[in-house]
Amino acid sequence: MSQSENAAPAPAKRAPAQPPAPLALSINDKPYYHEGDPQMPLLWFLRDTLRLTGTKYGCGVGACGACTVLVDGKATRSCMLPMQAAAGHSVTTIEGLETDALHPVQQAWIEEDVAQCGYCQAGQILAAVDLLKRRPKPGEDDISAITNLCRCGTYPRIRKAILRAAALAQGQGK
């Protein structure tokens, strides 16, 4: 046997790794593209890349709701949503909620003087927007089903504001 017959085969040449294709999504009705890690949570793209800091980091495990945004109109914990799962969807943050006038939920939050420290309020408001979209006349059980946490304990005012927002959205003003 010749020496070349005993030699190990040459390793196969690997093609250089291709960067992932940019991920397209809409945020507050504007197109954006993410070219980084597809597993990066949406929260960090919003805060660190786009500087939309209304969405807050609270717990990082989807339990507190401070990071709540609307994805295709549904309340979603952005700390748990990888960019690849957000691709192709429409995201609304607290910054995108207001247009020419306050949203009825924002108006109700002001009228009921809900916020204390304010840290959780963007997530609370967006969770309420989702609820009122699904249930225009929510009951106490519907409101209790919102799992966003408030360390200041403004739950009674949050409840009143959601009920006021429902009335405002239906033109009743309350």
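Q: In β4, which residue is the bridge partner of Val71?
A: This is a predicted model with residues numbered from 1 along each chain as its sequence is written; local features need pLDDT of at least 70, side-chain atom pairs count only at pLDDT 80 or more, and totals for chains, interfaces and linings use all residues. Side-chain values use heavy atoms, with hydrogens and water left out. Strands are DSSP runs of E, at least two residues, and helices are DSSP runs of H or I, at least four residues, each numbered from the N terminus. The bridge partner of Val71 in β4 is Lys74.

Q: Over how many bridges do β3 and β4 pair?
A: Strand β3 covers residues 68-71, and strand β4 covers residues 74-77. Two strands pair if DSSP finds at least two bridges between them. Here the sense is antiparallel, and the number of bridges is four.

Q: In the hairpin of β3 and β4, which residue takes a positive phi?
A: The hairpin has two residues between its strands. One of them has a phi near 55°, and that residue is Asp72.

Q: Is Asp72 exposed, partly exposed or buried?
A: Asp72 lies in the loop between β3 and β4. It touches His89, Ser90 and Lys133, leaving out residues up to four places away in sequence; contact means heavy atoms within 4.5 Å. Buried means under 20% relative accessible area, exposed over 50%, and partly exposed in between, with a 1.4 Å probe and protein chains only. Because its relative accessibility is 46%, Asp72 counts as partly exposed.

Q: How far apart in space are Asp72 and Ser26?
A: In sequence, Asp72 and Ser26 are 46 residues apart. In space, C-alpha to C-alpha, the distance is 9.7 Å.

Q: Which residues in helix α2 are buried?
A: Helix α2 spans residues 42-49. The cover over its buried residues includes β1, β2, β3, α3 and β5. Those buried residues are Leu42, Leu43, Phe45 and Leu46.

Q: Is Gln121 buried or exposed?
A: Gln121 is found in helix α6. Beyond residues up to four places away in sequence, Gln121 touches Trp109, Val114, Ala115, Cys150 and Thr154. Its relative accessibility is 6%, so Gln121 counts as buried.

Q: What is the volume of the largest pocket?
A: On a 1 Å grid over the protein atoms alone, with a 1.4 Å probe, a pocket is an open set of points with protein on both sides within 12 Å along at least five of seven lines, and lining residues have an atom within 4 Å of a point. Grid points are joined across faces, edges and corners, and a volume is the space filled by probe spheres set on the points. Residues that line the largest pocket include Cys64, Cys117, Cys120, Cys150 and Cys152. Its volume is about 170 Å³.

Q: How many residues of the protein count as buried, in percent?
A: There are eight helices and five strands in the protein. Of its 174 residues, the buried share is 38%.
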